[in-house]
Structures are given as C-alpha cells and as structure tokens.
Amino acid sequence: MSETRHNWTKEEILDIYNKPLMELLYESATIHRQHHDPNTVQVSTLLSIKTGGCPEDCGYCPQAARYHTDIEGNDLMSVQQVKAQALRAKASGSSRVCMGAAWRNVKDGQEFDDVLEMVRTINKLDMEVCCTLGMITENQAQRLAEAGLYAYNHNLDSSEEYYKEVISTRGFEDRLETIDNVRKTNVTVCSGGIIGMGEKVEDRAGMLVALSTLNPQPESVPINALVAVEGTPLEDQKPVSIWDMVRMVATTRIIMPETQVRLSAGRTEMSREGQAMCFFAGANSIFAGDKLLTTPNPDVNEDMEMFKQLGLNPQKPFIKKMQPETVEAQDSQYQALGEKPKWTRPEHTIDRNEDAKQKAKVLK
Ligand code: SF4
C-alpha cells in the first residue's frame, strides 16, 4: 500500500508526469486500486447560485465583470430554488451539490445567511454539500461547518509563479489562507486547478507540489481543462490534449493517493475513450449537468450511458467521511462578526487581462 507523503519536490513530480505513458498508467491505476474502488465514481452537481458580476480579474473566467462575455448574470438564488435543483440532482444520481457564487469573498449579511440556510437544506437531503464562495475568514468557515457543509472549494488554479500571469487582483498566498481557515473546521478541502492556460509543465508540477505538501492533503482535487471563452483574456488558448489530461490525473493520483480526483471542466472536448482512460488513471469523480457554472458540460443521460458502458457505479454520499450535523441558525455558537477577509492586492498588470478589459469597454 502506497503511503501519503507531504514532501514531494517539483523534480520528483516532473519525473512521474513524464514517465512512459504505459508505466505511468500502470503505477497510477495500481495506487488507485489500493485506496479506492476502481468501479465507483462520484457524480457531483455544480450549481451557480449567483452568476456573473465578479470584481476579480481571473483570466479564464467569463463571470468577471470587467470582460465582455455572453454570460447572463443573476442575483443570489432563493433557498427554495436551490432545494428544487438539489432534489433534481439527487434523483439523477448525484451525491454531492457544489454551490458556486461569483464573489471575491464572503461578506457577513443576509446573502451569506441565505447560503447557510441552503447548506442546512441540502445536508438534510442527505447529500454532501460543497460551497465555492471566494475568500472566507475562520469565523465564516465555522458558520458554514455548523450549517452542515461537507466541503469548501478554493482552487489554487496553477503554480505560484504562473498564478501571477492569470490573476492580478489577489495573490496565491490569499488562496492558501482561505484553505487554512477551512482547515480549522471539520469541513473538508477541495482544491485543484486548471491546465491549458498557457502554463508550462513545470507550473503543473508546481501546483501539485503546493497541493500535495499541504498536511492533510485536500480530500478532493479537481483537474480542469480550460474552456476558452470568447471575451476572456484566455480566449485564444488551444484546447488541452487528452494526453496532458491523463498525465495530470495519473500524477495527481500517485502523489495524493487518498484524494478524490475530479475530472472537471473540459469534458465536452473529451471522447468517451479519453474519459475512460482518465478513470483508469485514477479520476473518481465527475460533475454532472449540462452546464458547469457557465460553460457547457455533457448531459446527465449521456454520462449515465457512459457509466453503463464502462460498468461504473455512482458513489454513495458520505463514503469517505461521516455526514456533518446541521446546527440550526438560532442554536449557532458562531455569530456574524460583520467581517470580511483581508487579502493582498498585488496590483501588477497582466497585459492580456488589460487588453480584454479595454476590448470590453469598447463593446459595452
Ligand atoms: S473565477 Fe471566481 S473569483 Fe475569479 S472572476 Fe470568476 S467568479 Fe470571480
């Protein structure tokens, strides 16, 4: 049985990533079988509870207010709307709902109180609840934990070096701080990244160093392939090859054996054979539903047909960790402190982000 190490170096990770493919696959599939059922894959549903209008400048994101994209923004969904969507997701085989809000950070107030109520509601449906709401403080993380949150998603996106080429409105260390705040609670950590943003293989390895040296390692690591959206600074990036995806999944599996590796954005570009290779390499989760926040994703029926063809079973909820209890708002020991997280403002300039912003101004 392979052991979890927290001292991986970039060189070691690059050696793994660049192995002859058959050796890489054999090694990752072997480790995968030691720690997980190879025929079980978790189906998660990603729900955009508040779309668009984000003040950040992430170069890949159509929800950034400063770029001109086709995204239709909406205000925060109601608890009832979210419950209806969660029930639909459960009926179609999802065991986890991930709610995403296009916020820089959480602010204490009515909207956050509503999100806490959404967490309580979905946890009571016996589904794993994950949130991705931007930066959060320790107290906000505690309030989410009390509501019954199972996981908090906060991606590192890329290596610390390449992060500066993609985002200028916050720093890599801000990401680590939010992850650290989540770690002070019982909520599990979901953190991964995106490949195909123009980064080098060294940056992919650098991101995996940052994730694998966290102790404990994230319980969940999404690997996304960039979906280049017109109007964003990364609109001209070429789609990432399936071989890169397979190598990335296999390497992630080898260095983070216990983690749930999530095959996330970019699946519409992958053939069924390509996805099967990713499952063999160690991916054991997908996002279901025809949209991933705002970008296209395979339809649920198509995924269920793929599962049947490959003999895969959807994972039941709370297999890896017990279901958290939900504390009602009136019994909560953590109250709103009227705070918001502090973050660094690197304020450096990224030419392609500036160009996309200027282009948007002309079009608006
Ligand atoms: S990725 Fe998140 S933080 Fe960045 S612009 Fe999009 S919604 Fe905002």
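Two conventions come first. Residues are numbered from 1 along each chain as its sequence is written. Because the model is predicted, local features need pLDDT of at least 70 and side-chain atom pairs count only at pLDDT 80 or more, while totals for chains, interfaces and linings use all residues.

I begin with the ligand. The residues around it are Cys54, Glu56, Cys58, Cys61, Gln63, Ala64, Ala102, Arg104 and Gly134; a residue is near a molecule if its C-beta atom, placed from the backbone, lies within 6 Å of it. This shell divides into five nonpolar, two polar and two charged residues. Here Ala, Val, Leu, Ile, Met, Phe, Trp, Tyr, Cys and Pro count as nonpolar, Asp, Glu, Lys and Arg as charged, and the others, Gly among them, as polar.

I turn now to the annotation. In the unreviewed UniProt entry, "binding site" covers Cys98, Cys130, Cys190 and Arg262. These four span 165 residues in sequence, yet no two of their C-alpha atoms are more than 13.5 Å apart, so they gather at one spot. The positions follow the numbering used here, feature names are shortened, and annotations may be inferred rather than shown by experiment.

Where does Cys98 lie? Cys98 belongs to strand β2, residues 96-101; strands (E, at least two residues) and helices (H or I, at least four) are DSSP runs, numbered from the N terminus. Cys98 is buried, with 29 other C-beta atoms within 10 Å. The term buried requires 20 or more other C-beta atoms within 10 Å of the residue's own, exposed means 12 or fewer, and partly exposed lies in between, with C-beta atoms placed from the backbone. Beyond four places in sequence, Cys98 touches Ser44, Leu46, Leu47, Cys130, Thr132 and Asn153, where contact means C-beta atoms, placed from the backbone, within 7 Å.

Cys130 is also the bridge partner of Cys98 in β3. Strands β2 and β3 pair in the parallel sense over five bridges; pairing requires that DSSP finds at least two bridges between the strands. With helix α4, residues 110-123, these strands make a right-handed β-α-β unit. Right-handed means that, with the strands pointing away from the viewer, the path from the first strand over the helix to the second runs clockwise. Both faces of β3 are covered: Glu128, Cys130 and Thr132 on one side, and Val129 and Cys131 on the other, are all buried. Two bridges join β3 to the parallel strand β4, residues 151-153, and Cys131 stands opposite Tyr152 there. The chain passes from β3 to β4 through helix α5, residues 138-147, in a right-handed crossover.

Cys190 sits in strand β5, residues 188-190, and counts as buried with 28 C-beta neighbours inside 10 Å. Its contacts beyond four places in sequence include Cys130, Tyr152, Asn153 and Glu219.

Finally, I come to Arg262. In strand β8, residues 260-263, Gln260 and Arg262 on one side and Val261 and Leu263 on the other are all buried. Strand β7, residues 220-225, pairs with β8 in the parallel sense over four bridges, with Val221 opposite Val261. Two bridges join β8 to the parallel strand β9, residues 285-288, where Ser285 is the bridge partner of Arg262. The crossover from β8 to β9 runs through helix α10, residues 272-281, and is right-handed.

Conventions: Contact = placed C-beta atoms within 7 Å.
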